[in-house]
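Please examine the sequence and the model below. The briefing that follows is arranged by topic.

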Amino acid sequence: MGSYYGSNAGGASSSFWGGSGSPSRSRVECAPQAAGSNQPNASRGVSGKCAFNPTDFTPFRLMSSRFESHDTRRFIFALADPEASMNLPVSSCILTKFTDPETGKEVVRPYTPITTNATKGHFELLVKRYPKGKMGTHIFTLRPGEELLVKGPFIKFEYKPNTKNHVGMICGGTGVTPMYQVIREVLDNPSDKTKLSLIYANNSRRDILLGNELCELQKTYPNFHMYLTLVDPPRRWLGGIGFITKEVLKAFLPPPGEKDTAVLVCGPPGMMKHLSGDKEFVTGQPPKQGELTGVLKELGYESSQVFKF
């Protein structure tokens, strides 16, 4: 079956969702977290100097890596101070750089760290390797002890506690990483009562990223609701089936025009075009939000309520 989710996806372990039940359920049944997996921890927010330099690329040493899916790995990099944390504003990305040995040209790509500011001594990147993706291929070749050049942070969507009553999120594949950063920032703050709704789409079950973490958060926090949908679901799948529809958006997102709400969108180009229209990219300039089009426009949302990562 064709898919606008493309190949911009990650994956999950084989211990994921299944069992009997209706495939149209809006909340999935979650498998218990595997032993040794990361548990949600309390975030202390941004306090102190950021671990990254916004003007110069700085080397960070790779500590270890492991597969998150069939084509995506988690890479853990050491901070210069083992007692320091990233102190990264939410939501922000960092830039990575290396020099392509074949062309001699610099390759630069943004990534969103998935560790919280409560984590000391290291940060994690979720990296997907594309067939022709130079940065992902480069990072996949790194071995423990080798370094990656990083610069940042670059604030994308500035979140402040309790400034929104409801934040709706739509993502596909690796587009889950900025959503996860916002989700953790909200849920790790006991005083933040913001309601969160995540619609997360992938081609197949093996393409789900951060699944165990998201599932555990959904079980733990009543203000976080998640809807997973797959184009090619396995047997006895309990989540959504097929593309993201208007009916799903109406059921999970804050209504168009509702005060103090936001809708965040991140995914591969086909998905962005279908839902919101893609951003505007001009060589040598930061991307612009661009015109709001697609299904969200048809439902009555305005550009002031929608943010495209």
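Aspartate 100 is in contact with Lys105, Val107 and Lys134, leaving aside its neighbours within four places in sequence; contact means heavy atoms within 4.5 Å. The model is predicted: local features need pLDDT of at least 70, side-chain atom pairs count only at pLDDT 80 or more, and totals for chains, interfaces and linings use all residues. Residues are numbered from 1 along each chain as its sequence is written, and side-chain values use heavy atoms, with hydrogens and water left out.

- Aspartate 100 belongs to the loop between β3 and β4; helices (H or I, at least four residues) and strands (E, at least two) are DSSP runs, numbered from the N terminus.
- With a relative accessible area of 5%, aspartate 100 is buried; buried means under 20% relative accessible area, exposed over 50%, and partly exposed in between (1.4 Å probe, protein chains only).
- Strands β3 and β4 pair in the antiparallel sense over six bridges, where pairing requires that DSSP find at least two bridges between two strands.
- Within this pairing, lysine 97 has valine 108 of β4 as its bridge partner.
- The two strands β3 and β4 form a hairpin with six residues between them, and glycine 104 in the turn has a positive phi of about 75 degrees.

**Backbone features**

- Valine 90 and serine 91 are joined by a cis peptide bond, with omega about 5 degrees.
- Serine 91 is located in the loop between β2 (72-78) and β3 (92-99).
- A cis peptide bond also runs from glycine 152 to proline 153, where omega is near 0 degrees; proline 153 is part of strand β6 (residues 147-155).
- Asparagine 162, a residue other than glycine, has a positive phi near 60 degrees. Asparagine 162 sits in the loop between β6 and β7 (166-172) and is partly exposed, at a relative accessible area of 41%.
- Aspartate 260, also a residue other than glycine, has a positive phi near 55 degrees. Aspartate 260 occupies the loop between α4 (246-252) and β11 (261-266), and its relative accessible area of 36% makes it partly exposed.

**Nonpolar cores**

- The largest nonpolar core has 33 residues, of which Met169, Ile183, Leu198, Tyr200, Leu214, Phe224 and Leu264 touch the most other members. A nonpolar core is a set of buried Ala, Val, Leu, Ile, Met, Phe, Trp, Tyr and Cys residues joined through side-chain atoms within 4.5 Å.
- Two or more residues of this core come from each of β7, α2 (176-187), β8 (195-202), α3 (211-220), β9 (224-230) and β11; α2 gives the largest share, seven residues.
- Isoleucine 183 touches Met169, Leu196, Leu198, Leu214, Leu217 and Phe224, not counting residues up to four places away in sequence.
- Another core, of 22 residues, lies apart from the largest one and has Cys50, Phe60, Phe77 and Leu125 among its members.

**Leucine 210**

- Leucine 210 lies in the loop between β8 and α3 and is buried, with a relative accessible area of 0%.
- Its contacts are Glu68, Arg74, Ile114, Leu126, Val176 and Tyr180, not counting residues up to four places away in sequence.
- The C-alpha atoms of leucine 210 and glutamate 68 are separated by 7.9 Å, although these residues are 142 residues apart along the chain.

**Cavity and pocket**

- The structure holds one cavity of 30 Å³ or more. On a 1 Å grid over the protein atoms alone, a cavity is a set of points where a 1.4 Å probe fits but cannot get out, and a pocket is an open set with protein on both sides within 12 Å along at least five of seven lines; lining residues have an atom within 4 Å of a point.
- The largest cavity contains about 110 Å³ of space; grid points are joined across faces, edges and corners, and a volume is the space filled by probe spheres set on the points.
- Of the 13 residues lining the largest cavity, Val90, Thr115, Thr116, Asn117 and Gln181 are the closest to its centre.
- The largest pocket has a volume of about 1,200 Å³. Its lining has 34 residues, and Arg109, Pro110, Lys156, Lys279 and Phe281 are the closest to its centre.
- Elements giving two or more residues to the lining of the largest pocket are β3, β4 (106-111), β5 (122-128), β6, α2 and α5 (269-275).
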